[in-house]
Amino acid sequence: MNSTEYPVTEEEIAYTAILGTIVYIGGFIGNFLSLTIFVREDIRHVSTGLLFLFLTISNSFQLLTLTIEFIDVAYNIRLFACVVIRCRILYWFQNIFRALSSYTACTISCDRMFRALYPIRAKQVCTCRVAWRIVCIYYFVFACSLTFYLLPFMQENSDGICITSSDPTYDKFLSVIWPPIRTVVVCVLPVSIMISTNIFLWRRVRESRRRTSPLSSHTDRMLIFITISNVLAFIITQIPFHVYATIVRYKQSIEHMRTPMLLWSSLYFGIGFYIYSLTSPYFRSKFLLSLRHCFQRQNSNRIHQQIQQYTISQRNQSKK
């Protein structure tokens, strides 16, 4: 399930190692920097900002599971010797957070559209409490519906490769029936909703730009730009992966593409910060403001420590 016998050259291994290092380390750094923005009180008190915070957390967990699988697939390095963890729990969590990220991104687009369409009702509907409930419902539904990954039919062969051939029915479901279902549910449906809502949202914003206050315009523009950029990144990175996962069963000649496709799909779960920074000047200003506050806090703490040390030294001299 997570390996192939396609021979690779030393150059391919080197390129894969370099790309993997850039994608995963850069992704974790980007997600951490995104968290420094979305945890700000002025951002997360809006339902859209809170949903972006949830999306960043979900992407981070998904990136972690993909990193473990990448090391396993590309280099046959088993970070977990236990088959239950490596072949069942890992794939269970991976599919949970993949679906959670998809529908959280979809909810962000719907949230922005509802705010633009019903600005008065949005004050009661688009709240942080509702955002919490929706994300919790998503997680509960996906965690329960994907429990078939935890069934004992997922085993490993003598080479340590996860396989499902021990049960023909389970193997057919997981390799033939489930991939197209997952493509529709986790990719096609969310993408369709995100595209339609963002087209409507962009038109709505252009029509109402003159009627918004400058402060509201800046905040809304930032959230709209990063929402649209998030949708584009999702489409570019996730559709090829899901298409590959659907047809690889019928075209064995492309089985060796699993590692590159895994890397390509991983981009979405760590590229958010860089996309947001490029598309939204207001997001960049918020990030720079967070850095400034961090340095000011460190400087104030240092000055406070120096004052305390100076006070203690003066007291000691006065006692002498």
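This is a predicted model: local features need pLDDT of at least 70, side-chain atom pairs count only at pLDDT 80 or more; totals for chains, interfaces and linings use all residues.
## Cavities

The structure contains two cavities of 30 Å³ or more.

## Lining of the largest cavity

Three helices, α1 (10-38), α3 (47-75) and α10 (272-279), each contribute at least two residues to the lining of the largest cavity. The lining consists of Asn31, Ser34, Leu55, Thr56, Asn59, Gly272, Phe273 and Tyr276. By class, five of these residues are polar, three are nonpolar and none is charged.

## Lining of the second largest cavity

For the second largest cavity, α8 (214-247) and α10 each provide at least two lining residues. The residues around this cavity are Ser229, Asn230, Ala233, Tyr268, Ile271, Gly272, Ile275 and Tyr276. Five of them are nonpolar and three are polar, with no charged residue. Gly272 and Tyr276 line the largest cavity and also line the second largest cavity.

## Packing of α4 with α6

Helix α4 (residues 83-117) packs with helix α6 (residues 128-145) at an angle of about 145°, and their axes lie 9 Å apart. The two helices, α4 and α6, form a right-handed crossing.

On the α4 side, the contact is made by Trp92, Phe93, Ile96, Phe97, Ala99, Leu100, Tyr103, Thr104 and Thr107. On the α6 side, Ile134, Val135, Tyr138, Tyr139, Phe142 and Ala143 take part. The contact of α4 with α6 comprises 13 nonpolar residues and two polar residues, and no charged residue is present.

Technical notes. Residues are numbered from 1 along each chain as its sequence is written. Side-chain values use heavy atoms; hydrogens and water are left out. On a 1 Å grid over the protein atoms alone, a cavity is a set of points where a 1.4 Å probe fits but cannot get out, and a pocket is an open set with protein on both sides within 12 Å along at least five of seven lines; lining residues have an atom within 4 Å of a point. Grid points are joined across faces, edges and corners, and a volume is the space filled by probe spheres set on the points. Helices (H or I, at least four residues) and strands (E, at least two) are DSSP runs, numbered from the N terminus. Ala, Val, Leu, Ile, Met, Phe, Trp, Tyr, Cys and Pro count as nonpolar, Asp, Glu, Lys and Arg as charged, and the others, Gly among them, as polar. Axes are lines fitted to C-alpha atoms, for helices over the stretch in contact, and angles run from 0 to 180 degrees between N-to-C directions. A crossing is left-handed if the near helix is turned anticlockwise from the far one by less than a right angle, and right-handed if clockwise. Contact means heavy atoms within 4.5 Å.
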